[in-house]
Amino acid sequence: MSPTPRPAPRPALRPIPRTAPRPIPRPRRTWVLTALAAALAVLPLAPALPATAARAATGTAYHLDCSATVDGTGTQAAPFNTLADVNALALQPGDSLLLARGTTCLGSLTPHGSGTAAAPILIDAYGSGALPAVNANGADQAVLLAGESHVQLRNLSLSAPGDNTTARRGVHVYAADAGTLSGIVLQGLDIHDVRGALPARTTTGNGTGKYANASGGIVVEAQGSSVPTAFAGLQVLDNRIHAVDRQGIYTWSNWCRSSRLAAFWNSLCTAAWTPSTDLVVRGNLLWDIGGDGIAPMTGQHTLVEHNTLRGFNERSGSPNAGMWTANTVDATFQYNDTSGGKTTADGMAYDVDHSTDGVVFQYNLSHDNQGGFFLLCPYNTPTRNFVIRANISVNDRTRGFQVCDGALQNGRIHGNTIYLADGISQQIVTESTGATLDVKFTDNAVVRHGSTGTVGWTLDDPAWVNDHDLFYDVPVPAGATNAVTAAPLLTGRELADGYGYRLTSGSAALGTGVQISGNGATDWFGNAVPTTGAPNIGAYQGPAVCAPALADPFNTDTAGTAPAGWTVSGAAPAALVGTDPATGEYGRSLLLTGQSADTAVTRSFTATTSGDLRVDARLWAGQTTAPLGLHVLDAAGNPVAQFSLAADGRAAYTDNGAWTDSAFAYPSGLWLPVSLVLHPAAGTYDVSVNGTALATARLTTGAGAAAQLRLRVPGTSGQVPTFAVDDPLVQSLGC
């Protein structure tokens, strides 16, 4: 049988068509790491950028070094040394403002001036070392772009400490009565320790921390009353946003009054509908977010893709979701990964909210969210023409789909896979509205394994149609037609990895679905959706695949013991199964602790074929100063391909046996999915972390066929490093 398609590289930025969102036939969450993303990732280990401002050939390059003892004239040899100096500049098209790496400036950076499409203003880093830091130091934001166009802000570390009583922002992009502002790019930023107003709910009126004067990592705000104001083509790319309150990435406009508007926003929307257009939010990594993760409001032709969100609604004290939109027309959310939502005050991964028309969620992963998978929240005006297709939900609790009071109009939910492990309770659909729910729920697979946990439906609206769905070990809802109840035979159940939800031979989901107009063209994995005949049920549309050679979620192992089926060498207490260190997000994990001698945990496997082999695992490091190895070995123990979270803080891999650092600096305390895809015929393998393709390297010359997986912590002295590993999955890609 034909192999699963290998992921294609990430395409270059392209303009978003001014039409309803169209499916983008791209395989799941893998793209080429751009140079700018690399500059983001390496933080204190970044390679030096050229000190000369070559990109400012049409303008003047100004330099700022806040560690300089003498205030200069802005040249590289005599840089400015205060934010006041650069805030006083009137920047012109083509100018650049370059901040010295390894330095910290206190206060708010408030540049003035606009570039043009041909000659944007660039604010960036120069020199070597850590990203230049701007600490707001009591100001509302680290960077304020107020009324500017064609400004590119890149490669800075931004923080805005506070006591959670007033607004704080990493970057505030603001305009009032300014018309349409174009060409803002925010890329490669590390935004952290932003402590805005919380708790987010006041005793009366609207909640704090969002709407106007919101707090968060990146806040984009259009205001005014006389000149319609909006942003066009704003891009938020390849940033790291963590430890921020309330919002991760948020856009707001008071130019939001429309005929679709839900009544409770009437007091907030004081001016006529003027949406921001062609917003792109791509490639961002967010974790430890106090409230909402990514929430663009009042937009048209919005694209949110290839983002990872780990942990949201952490501290807000009010309802928040992972990624969502309201009062927006034609938005697409795709190839995102959202997990760790806290509380059931919302707390679900995704949300199609009120006053929206033409919102598409496709090819997303959701897992381990306390509040569930999706919220559909129309209020007093219908949520219209939404599509939720080819997504995967794993162990989301409480609710699969929650419907707020209000009507849904022309909703399509199809080709999704929802998996529930033992002990997970979920109402697959829950609603309590008397309004009409015009929704077609088709070709979805809802699968449960285990004897504990309560699963059911709270659904009695006859307008909601369930047809050609698979319900395995879950109740079949009343009125469902053409339901399939036999086993789906998934490749790796319980794993928080989409590749565990393909279908093996004999699956009841193979070829038992029904054709749907507008099916999205591809599935979660990049396979084409059949245009004739019966498709599969669920998010996988390829042919039957081999059963995995290894799939271990560690959830059935006894806590405090060595993992069953694995061989531990070294000090036994260094490798024990226990609750994962990220507050139980993935259930049990393999916990590794550094000892004076090496610790290795090895498992043999037999690949189904001699062709391509995919190896996945999730790795967690409690520090960035000690190594954890993920090694593929042959039967004799010789390394075939090796990966490491290295002691220098970078992800590393072997190229024909020689270790090579990548540009990716891994954060501590964060789960990172790692994939190694071996191509024995070509003698190469692909390395990706967190969905980002880092390299294609050579397999080790002379090694045999892959036959073992090893996790290794070298002996240490002077520190006791801690690591965790979860969801190792090994499977042949052609069988």
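Predicted model: local features only at pLDDT ≥ 70, side-chain atom pairs only at ≥ 80, totals over all residues.
Reader: Let's start with N391. Where does N391 lie, and is it buried or exposed?
Author: N391 is in the loop between β35 (387-389) and β36 (392-394). Buried means under 20% relative accessible area. N391 therefore falls in that class, as its relative accessible area is 0%, so the word you want is buried.

Reader: Which backbone nitrogen lies 2.9 Å from a polar atom of the side chain of N391?
Author: Leaving aside neighbours within four places in sequence, N391 is in contact with a list of residues including F361, Y363, N364, G415 and W524. One of these, N364, also has a polar atom of the N391 side chain 2.9 Å from its backbone nitrogen. So the nitrogen belongs to a residue on the contact list of N391, a residue that is itself buried at 0%, and the name is N364.

Reader: On to strand β29 (residues 337-341). How many of its residues are buried?
Author: Strand β29 pairs with β26 (residues 308-312) in the parallel sense over four bridges. Three bridges join β29 to β32 (residues 365-367), also running parallel. The strand is largely enclosed by the rest of the structure, because the number of buried residues is five of the five.

Reader: What is the bridge partner of T338 in β32?
Author: T338 sits in β29 and stands opposite L309. Strand β29 is joined to β32 by three bridges. Within β32, the partner of T338 is S366.

Reader: How many aromatic pairs does the structure hold, and are Y350 and F374 stacked, tilted or edge-to-face?
Author: The structure holds 23 aromatic pairs. In the pair of Y350 and F374, the ring centres are 5.6 Å apart and the planes are at 45 degrees, so the pair is tilted.

Reader: What about W524 and F525: at what angle are their planes?
Author: Both W524 and F525 are buried. Their ring centres are 4.9 Å apart, and the pair counts as edge-to-face because the planes are at 65 degrees.

Reader: Which ring does the charged end of R614 sit over?
Author: R240 lies over the face of F664, at 5.0 Å from the ring centre. The charged end of R614 is 3.7 Å from the centre of its ring, and that ring belongs to Y499.

Reader: Which residues are linked with D288 and R315 in a network of salt bridges?
Author: D288 is partly exposed at 24% relative accessible area, and R315 is partly exposed at 32%. The network that holds them also includes R195 and D245.

Reader: Last one: is K342 buried or partly exposed?
Author: K342 forms a salt bridge with E314, the closest N and O atoms being 3.5 Å apart. E314 counts as partly exposed, at 30% relative accessibility. K342 is at 18%, so it counts as buried.

Technical notes:
Residues numbered from 1 in each chain as written. Heavy atoms only, no water. Helix = DSSP H or I, 4+ residues; strand = E, 2+ residues; numbered from the N terminus. Buried < 20%, exposed > 50% of the residue type's maximum accessible area, 1.4 Å probe, protein only. Polar contact = N/O pair within 3.5 Å; in protein donor to acceptor, adjacent residues only side chain to side chain. Contact = heavy atoms within 4.5 Å. Pairing = 2+ DSSP bridges. Phe/Tyr/Trp six-rings, centres within 6.5 Å; stacked < 30°, edge-to-face > 60°. Lys NZ or Arg CZ within 6 Å of the ring centre and 35° of its normal. Salt bridge = Lys/Arg side-chain N within 4 Å of Asp/Glu carboxyl O.
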